[in-house]
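Please read them with the model open.

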Amino acid sequence: DSPVSGHSHARGGRRRQRMNPGLRRSAAAALLGAVTTLGFPPYDYHVFSLLGLFGLVVLWERASPREAFVLGLMFGLAHFLTGIYWVFISTHIYGGAPFWMGLLLALLLSSYGALHIAAAGWLATWRRPASLGLWALLQVPAAWVLAELLRDWHPVWSFPWLSLGYAFTDSPLARLAPVLGVHGISGVVVLAAGSALLVWRGTWRMRGVALVVLAALLLILFRLPQPGGWTQPRGEPLAIGLVQGNIPQELKWLYSERNRTLQLYRGLSQELLRDHPQTEVIIWPEAAIPALYNEVRGGFLLDMAEWADDNDLTLLTGILHKQPGHLYNTMRAMGKAEGLYIKRHLVPFGEFFPVPDFMRSFLKGINLDYEDLSHGPVDQPLIKVEGVSLGISICFEDVFGRDIRRDLPAAGLLVNVTNDAWFADSSAPYQHLQIARMRAMETGRELIRVSNRGVSGRIGADGTLYEQLPMFKSGSLALSAQPYAGSTPFVRWGYAPLWIVAASFLLVSVLLQRVASRRPD
């Protein structure tokens, strides 16, 4: 080589050495976050979620609390942006928000989720013990679980979508759902990742401990009953009919389309009853009737109630109900049985805008003059059909296991109605279905799901989707749903054991670090 070329190589080497290591680690964290999304629908490669999390734990191992916060933030941003990009579809394409606002809302919601992962990183590296084993097996799982629980806890701002445990719905870890719930599965996954880190980098003693922990987890896992094995069938199955209108979101609320929509639901229901005269309950999706209750109560709804009563069946339909000062998202039972359920957990920036009054004029200026919906009472009487109490949730509400268990063990059957047409053919409807499957496993109840454009069907108490209507097609489905009795450990205790165990793990880890720091070298 000539002196010139050698000098050039030297300069290139120095440039490479001067590259910011923190920037490389942040880029690696973002890549790992995107990889973790591959464990969720529609991809369902849960091994990638495990690998992504393991990589994040490796990055956290030698990071300071500040560095771990940044790494967790980058991981979370990539994970949520690739996982909930459909927020842009719902807000901009169907919600009418400007392009920039759709992007901003998607970024803000992703940042909100990412901040919790960043907080987990900070907590996992705060006052870490000198022992790598204690850190990997106690502090990291505790920090992750506490961060997920906090993301699920707030009464207004909670958004537990893409909780890590959902990626393992179709894995052996699903046996933990009736015991610990989805966040318990997340904690076990992080514990497994920490054990893998010890096997890779720990001393021989640490490797032995890690292998014992993994063996104990497997032993416990395979001694647990399968999901659905904690509860017992009660009474006779219900003959249920589902109606999926498949109304495009851009047409749903057009007045010119109202009559066609009403006649579609009427016709599909009558056809279903002709083919299956034993049907006892017919269920329509969330806000299936594109009008306020006050506008159609004396006409269309009265006719349908009389038709249902004449045929000895109950019709359950979603409809908005306006009262002075309030607008409610409801499910109404009419015909043989009557009842009302009002949605309790509303979607921020979807069903209500938690913004100061001065922001209202700005929203009006960009064509976002929405009327907030009102929350329903926390305690509502269950609608009972043919002697079976129904645990009803509307759309987003089935994301909250703590809310679903509120109706148990009284409810023998779960019903979720939704309108996922807001998200077109994105990953959202499939992620939402996975969430509903987790609720069935946690509670040991069958869950009947009715969506405007899909996925509509019956989920067994073991979380399996047994029957469904095709996506993006109008039609009806007759099925038999078995009510269940009894309580799973999750129904009895909820997330209380997780809060206690995670807090205890963190406290023990910090106390041991303080004790070790006081010992002479």
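1. Start with the charge over W204. The charged end of R207 sits over that ring, 4.7 Å from its centre. Bear in mind throughout that this is a predicted model.

2. R332 lies over the face of Y293, and the distance to the ring centre is 3.7 Å.

3. Now the ring pairs. The count comes to 12 aromatic pairs. One of them joins W122 and W126. Their centres are 5.9 Å apart, with 15° between the planes. The pair is stacked because planes under 30 degrees apart count as such.

4. How accessible are W122 and W126? W122 has 37% relative accessibility, so W122 counts as partly exposed. W126 is partly exposed too, with a relative accessible area of 31%.

5. Next, Y265 and W284. Their ring centres lie 5.1 Å apart and their planes meet at 40°, so this pair is tilted. Which parts does the pair tie together? Y265 belongs to helix α11, residues 255-275. W284 is in the loop between β3 (281-283) and α12 (293-296). The pair therefore links parts that are 19 residues apart in sequence.

6. Are Y265 and W284 buried or exposed? Both Y265 and W284 are buried. W122, by contrast, is partly exposed, and W126 is as well.

7. Finally, look at the cluster. Ring pairs link six side chains there: W86, F159, W161, F396, F400 and F423.

Conventions:
Residues numbered from 1 in each chain as written. Predicted model: local features only at pLDDT ≥ 70, side-chain atom pairs only at ≥ 80, totals over all residues. Heavy atoms only, no water. Phe/Tyr/Trp six-rings, centres within 6.5 Å; stacked < 30°, edge-to-face > 60°. Buried < 20%, exposed > 50% of the residue type's maximum accessible area, 1.4 Å probe, protein only. Helix = DSSP H or I, 4+ residues; strand = E, 2+ residues; numbered from the N terminus. Lys NZ or Arg CZ within 6 Å of the ring centre and 35° of its normal.
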